[in-house]
Structure formats: structure tokens, C-alpha cells
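Me: I would like to go through this structure in short questions. Please keep the answers plain.

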Amino acid sequence: MPSRVSDTPCTDDVLRLGARAAQLLHLAAQGLLKRGTRKARKPDVGTTIARMGLLQIDTINVVARSPYMTLFSRLGTYRNEWLDELLAEGVIAECWAHEACFVPASEYRYHRDYRAGRAGHWAHKSAERMHVEARSDMDALLERIRLEGPLRAADFEREGPATKGWWGWKPEKRWLEAWFALGRLMVARRDRFQRVYDLAERVIARWPEQPSAEILDEAAVRQHFIAESVRALGIAKARWVADYFRLRPRVTDAELAPMVADGRLLRVAVEGWEVPGYVHRDHADLLRDAQRNALRATRTTLLSPFDPVVWDRARALDLFGFEYTIECYTPAAKRTYGYYVLPILHRGRLVGRLDAKAHRQRGLFQVLGLWLEAGVATSTALVEGIAEAIGECAAWHGTPRAVIERSQPRSLAALVTKHLAR
């Protein structure tokens with residue numbers, strides 16, 4: 001257990017931590033403090049997902065689809081197909097968690113049995129409504145998969161224009177997604193990022209390790225997700241916990257008190273926080289290092305808008321003072337920064353953001369805009385870090401020519417471009 005230390009004398013027996021140390025503890029738990037000491041390998045993808053607890057899925061492909069980008073931020077250059085292979089091999093699974101996510105297959109049973117929480121989710125409610133409205137069609141679709149085996153939405157031919165709602169999906173795609181949300185279908189693999197659906201029992205039967213068929217108690221599942229949320233976050237306020245796995249109702253300090261009493265969680269007083277923070281006992285050594293100011297952040301990288309560090313906008317503002325809104329859903333005329341803006345993490349701080357687009361056929365990584373946060377100085381280390389992050393991301397995309405069109409401050413574009421040319 002970490003020692004109870006403080007920079008200032010105290011008479012109580014309370015774990016204390018500085019505000020900066022809390023930021024670094026969070027990033028350490030998320031695997032974002034420093035670059036790896038070797039090239040990434042396929043098992044590292046599964047380990048990284050297990051470390052985060054989940055990996056959110058989004059299909060926008062302006063730079064890279066979010067799950068691939070989130071892994072890149074932690075692993076650096078790696079092969080995207082490793083994620084797809086781990087899914088097909090049953091090391092990871094797809095399910096509704098925070099949103100649609102990849103999760104370790106070993107954790108699937110908790111998501112399967114979190115019935116009360118999922119019942120309130122928009123995807124589950126839409127699926128139940130869909131089943132009421134189209135029961136015979138959905139049952140026929142399920143029977144076809146039972147007889148023919150795994151199928152994609154593209155395997156269901158339909159003439160005529162797409163329907164409104166659910167992103168213009170045709171009815172069969174909506175029915176597939178409804179069965180997926182209801183747990184009758186799972187994703188067996190992906191074909192060029194398209195889901196290939198099969199009966200849940202057949203998907204699970206192919207996994208190297210079979211989850212227990214015993215149905216878990218709702219309260220036990222909730223406790224598990226609370227503990228996993230705190231572990232993944234490194235350090236958390238009670239009000240941050242529920243968002244990670246979309247728990248209902250929200251988590252309170254009173255609910256966490258028994259977990260502190262039995263040693264699963266450690267309560268920490270953080271400088272500047274008006275409420276306690278919580279650390280999972282698995283991070284006792286990290287907490288000790290944080291207390292000794294022994295955590296060092298050296299990595300500079302770009303983050304996906306759906307990275308766990310920033311997907312909870314209130315938490316990112318609370319912990320890092322970083323105000324962030326994804327604007328791809330905002331009309332172009334009302335955007336402040338751009339369509340798909342990536343936060344910049346530099347040595348443990350969120351220092352800015354950039355709007356980028358990868359033109360793979362042209363080999364061009366286009367940075368439409370680059371902005372530093374107010375008060376961030378344009379130091380040599382910062383310029384070098386941003387240039388290296390852009391260059392690494394561009395090379396990973398196979399778009400080695402990076403062009404920065406504008407920046408704030410205006411001199412930053414030229415400085416970063418000069419460093420990229422070296």
C-alpha cells in the first residue's frame with residue numbers, strides 16, 4: 001500500500017496527492033505517459049484494450065476510425081488488422097458498453113448480464129421498439145442467419161432509396177443492429193470494417209475461453225464496473241465513474257465507501273479538489289510513484305475525439321482544464337475549429353488541437369488548422385513534440401507529406417513545418 005505522505009504537515013491519516021500528480025496518474029493508467037520501449041506487437045492491442053477496459057467504436061474516417069486512432073495514441077505505429085484479427089479470434093468482443101465498443105472477451109459476461117443498465121440505453125430501447133414493430137421480419141432475418149451462417153448487411157439486397165433515421169440504414173441493417181443490441185446476434189468478425197453478424201451462441205462457441213453461463217447478479221455487475229472504471233481512470237471523482245460504462249444511477253461517495261472499507265479502492269485527497277478522489281488498489285504502486293512525483297510524461301501524440309481521456313467532456317475540463325466539443329455534428333458555419341478536431345497531448349498536458357484530414361491516395365496529411373490553448377508557450381520542446389506527433393501519425397496513415405495550412409499562433413505552422421522537413 002502507498003505510504004500516507006504529504007508536502008505539508010498533517011495530523012490525519014489521509015492519502016494526499018498534488019493536482020499535477022493526479023493528471024499523470026490518470027494518464028499512466030491509460031497508457032499515455034511515455035512511448036513504448038519496443039515496436040508494438042499484436043498481443044499489445046489486446047493488452048491495451050484490457051487496460052482501458054473498452055475501446056469505443058466510431059465509423060468516421062477523416063483521419064482514422066476512432067478505435068484504430070485510440071490504439072495508435074498508445075502504441076504508436078502498429079498494424080490495424082491486428083484489431084480485426086483479435087475480434088475474429090475471440091480475444092475481444094463487440095458489445096454496447098460506454099457506446100458500441102470492443103471489450104476483452106473475458107469481460108463480456110458482465111456486459112451480457114448488465115440488464116438494468118442496458119435497458120435504459122437508447123440502442124436497447126430502439127431495438128425493443130423495432131422488434132415490436134417488425135417482429136416477423138426480424139424473426140425471419142434471425143432464422144436466415146441460423147440456416148446460412150454469418151452475414152453482413154450488404155448480403156441483404158434491397159432496391160430503392162435508403163430510409164430515414166438510423167443513419168439512412170435499410171431495414172435489414174436496422175434489424176441486424178436491433179438483434180445485436182438485444183444480444184441475440186454478435187459480431188463474428190469485420191470485413192473492411194463492416195460487421196459480419198452471427199448467432200451469439202455460435203460466436204461465443206468459437207472463443208478460446210468460454211464465459212460462464214451463470215447469470216450474474218445485477219448488484220455484483222455494477223460493483224465490478226465501478227471498480228473497473230476507477231482502475232481504468234487511474235484516479236476518479238465519484239461523479240466521473242458512472243459515465244465510463246454508462247452506469248445508472250450515478251455513482252456517489254456513499255456507494256464507494258464500502259469499497260474503500262474493504263480495500264478495493266483507496267480514498268485520496270487531491271490538491272484543489274473539493275471532493276475525494278479514488279484509486280483502485282491495483283494502482284497502489286502508481287499512486288506511490290505519483291506521491292513521490294516520480295511519474296514522468298514524455299509522450300506527445302494526437303487523441304481521437306472518442307478517446308477515454310476526452311470523451312467525458314466535463315471530466316476533461318475538470319481534470320485538465322481542457323474544454324472540448326466534437327464539431328462533426330455541428331453545421332459547418334457554426335464550427336469553431338473544424339469537422340474532426342484531434343486534441344494534442346504533450347508531456348502529460350492537453351496543449352492544443354488540430355483539424356486534420358488524411359488523403360491516402362495522394363499521400364497527403366492535411367492539417368487544416370492547428371491551435372494552442374490559451375497560455376501555452378511555443379517552446380522548442382513543444383514544437384518538436386507536435387511535429388513528431390504529426391509526422392508519426394502521417395506515416396502511420398501512409399500519407400508522408402504533411403502540410404499545415406494555418407495555426408494559432410500564426411508562427412506555429414512555419415515552426416512545425418520546418419521541423420517536419422528535417
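Me: Are Tyr244 and Trp311 buried or exposed?

Reply: This is a predicted model, in which local features need pLDDT of at least 70, side-chain atom pairs count only at pLDDT 80 or more, and totals for chains, interfaces and linings use all residues. Residues are numbered from 1 along each chain as its sequence is written, and side-chain values use heavy atoms, with hydrogens and water left out. Buried means under 20% relative accessible area, exposed over 50% and partly exposed in between (1.4 Å probe, protein chains only). By that rule Tyr244 and Trp311 are both buried.

Me: What kind of aromatic pair do Tyr337 and Trp371 form?

Reply: Rings of Phe, Tyr and Trp (its six-membered ring) pair if their centres lie within 6.5 Å; planes under 30 degrees apart are stacked, over 60 edge-to-face, and the rest tilted. The ring centres of Tyr337 and Trp371 are 4.9 Å apart and the planes stand at 70°, so the pair is edge-to-face.

Me: Is Tyr337 buried or partly exposed?

Reply: The relative accessible area of Tyr337 is 28%. Tyr337, in contrast, is partly exposed.

Me: Which side chain of opposite charge is nearest to Glu327?

Reply: Lys and Arg count as positive and Asp and Glu as negative, while His and the chain ends are not counted. A salt bridge needs a side-chain nitrogen of Lys or Arg within 4 Å of a carboxyl oxygen of Asp or Glu. Glu327 is buried and has no salt bridge. At 6.1 Å, the nearest side chain of opposite charge is Arg335.
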